[in-house]
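Here are my notes from an afternoon of looking things up in this model.

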Amino acid sequence: MSIERCRAYFRALGLEDRIREFDVSSATVELAAQAVGCPPERIAKTLSFLVDEKCVLIVAAGDAKIDNPKFKAQFHTKAKMLTPEQVVAFTGHAIGGVCPFALTDPETTVYLDRSLQRFSIVYPAAGSANSAVALSPDELAQYAHSAGWVDVCKNWCAE
């Protein structure tokens, strides 16, 4: 199970206690915000794209949307989201629980959008459609083995 891989990953880091599992779905930004008890923008959603036949994950704030011109400028290709089957094949996580941890394809690259940098704590999923893990943006960058910060989103508000 995907959440068990995430749990083992965070256990090895001594951070398993930061994972929260809910009795309700957290599969969308709105549901995750309700489950966590935070504003939707603090949910760190993981978006999956195909770039040069490889998976690229963009972790962005819950209120941010991909800006196609910015994405193309950053990755030199049009933003093309993965199919649900491709998401599972590349990440090992199903839609609703996709996160940048314990990925099954070592060639998957994770980037963090700067929309997350305005928060002290954000809540990405932890491998299931009813989980989240509390991390600072710096911890998220470290534990997701991020390739760096990018500016590929729009429609988010600075705090």
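**Entry 1: a loop residue, and the ground rules**

I began with His76, which sits in the loop between helix 3 (68-75) and helix 4 (84-91). Helices here are DSSP runs of H or I with at least four residues, strands are runs of E with at least two, and both are numbered from the N terminus. The model is predicted, so I noted that local features need pLDDT of at least 70, that side-chain atom pairs count only at pLDDT 80 or more, and that totals for chains, interfaces and linings use all residues. Residues are numbered from 1 along each chain as its sequence is written, and side-chain values use heavy atoms, with hydrogens and water left out.

Is His76 buried or exposed? His76 has a relative accessible area of 69%, so I wrote it down as exposed. For the record, buried means under 20% relative accessible area, exposed means over 50%, and partly exposed lies in between, with a 1.4 Å probe and protein chains only. The phi of His76 is near 60°, a positive value in a residue other than glycine.

**Entry 2**

Next I looked up strand 2 (residues 43-51), where nine of nine residues are buried. I then checked the two sides. In a regular strand the side chains alternate between the two faces of the sheet. On one side of strand 2 I found Ile43, Lys45, Leu47, Phe49 and Val51, on the other Ala44, Thr46, Ser48 and Leu50, and all are buried.

What does strand 2 pair with? I counted eight bridges to strand 3 (residues 54-61), in the antiparallel sense, and two bridges to strand 6 (residues 123-124), in the parallel sense. Two strands count as paired if DSSP finds at least two bridges between them. Val51 stands opposite Lys54 in strand 3, and Ala44 stands opposite Pro124 in strand 6.

Strands 2 and 3 form a hairpin with two residues between them, and Asp52 in the turn has a positive phi of about 55°. Glu53 also lies in the loop between strand 2 and strand 3. Its phi is positive too, about 65°, although Glu53 is not a glycine. Glu53 counts as exposed because its relative accessibility is 65%.

Contact means heavy atoms within 4.5 Å; axes are lines fitted to C-alpha atoms, for helices over the stretch in contact, and angles run from 0 to 180 degrees between N-to-C directions.

Strand 3 is joined to strand 5 (residues 109-113) by four bridges, and the two run parallel. There I noted Leu57 with Val110 as its bridge partner, and Ile58 opposite Tyr111. Strand 5 is largely enclosed by the rest of the structure, because four of its five residues are buried. Strand 5 also pairs with strand 8 in the parallel sense over two bridges, and Asp113 has Val150 as its bridge partner.

Leaving out residues up to four places away in sequence, Ala147 touches Thr109, Val110 and Tyr111. Ala147 and Thr109 are 38 residues apart in sequence and 6.6 Å apart in space, C-alpha to C-alpha.

**Entry 2: the largest pocket**

How big is the largest pocket in volume? I read about 360 Å³. A pocket is an open set of points on a 1 Å grid over the protein atoms alone, where a 1.4 Å probe fits and protein lies on both sides within 12 Å along at least five of seven lines; lining residues have an atom within 4 Å of a point. Grid points are joined across faces, edges and corners, and the volume is the space filled by probe spheres set on the points.

The lining has 24 residues, and Ala27, Lys45, Thr46, Gly96 and Val98 lie nearest the centre. Strand 2 supplies the largest share, six residues. Helix 2 (29-36), strand 2, strand 6 and strand 7 (131-133) each give at least two. I sorted the lining into 16 nonpolar, seven polar and one charged. Here Ala, Val, Leu, Ile, Met, Phe, Trp, Tyr, Cys and Pro count as nonpolar, Asp, Glu, Lys and Arg as charged, and the others, Gly among them, as polar.
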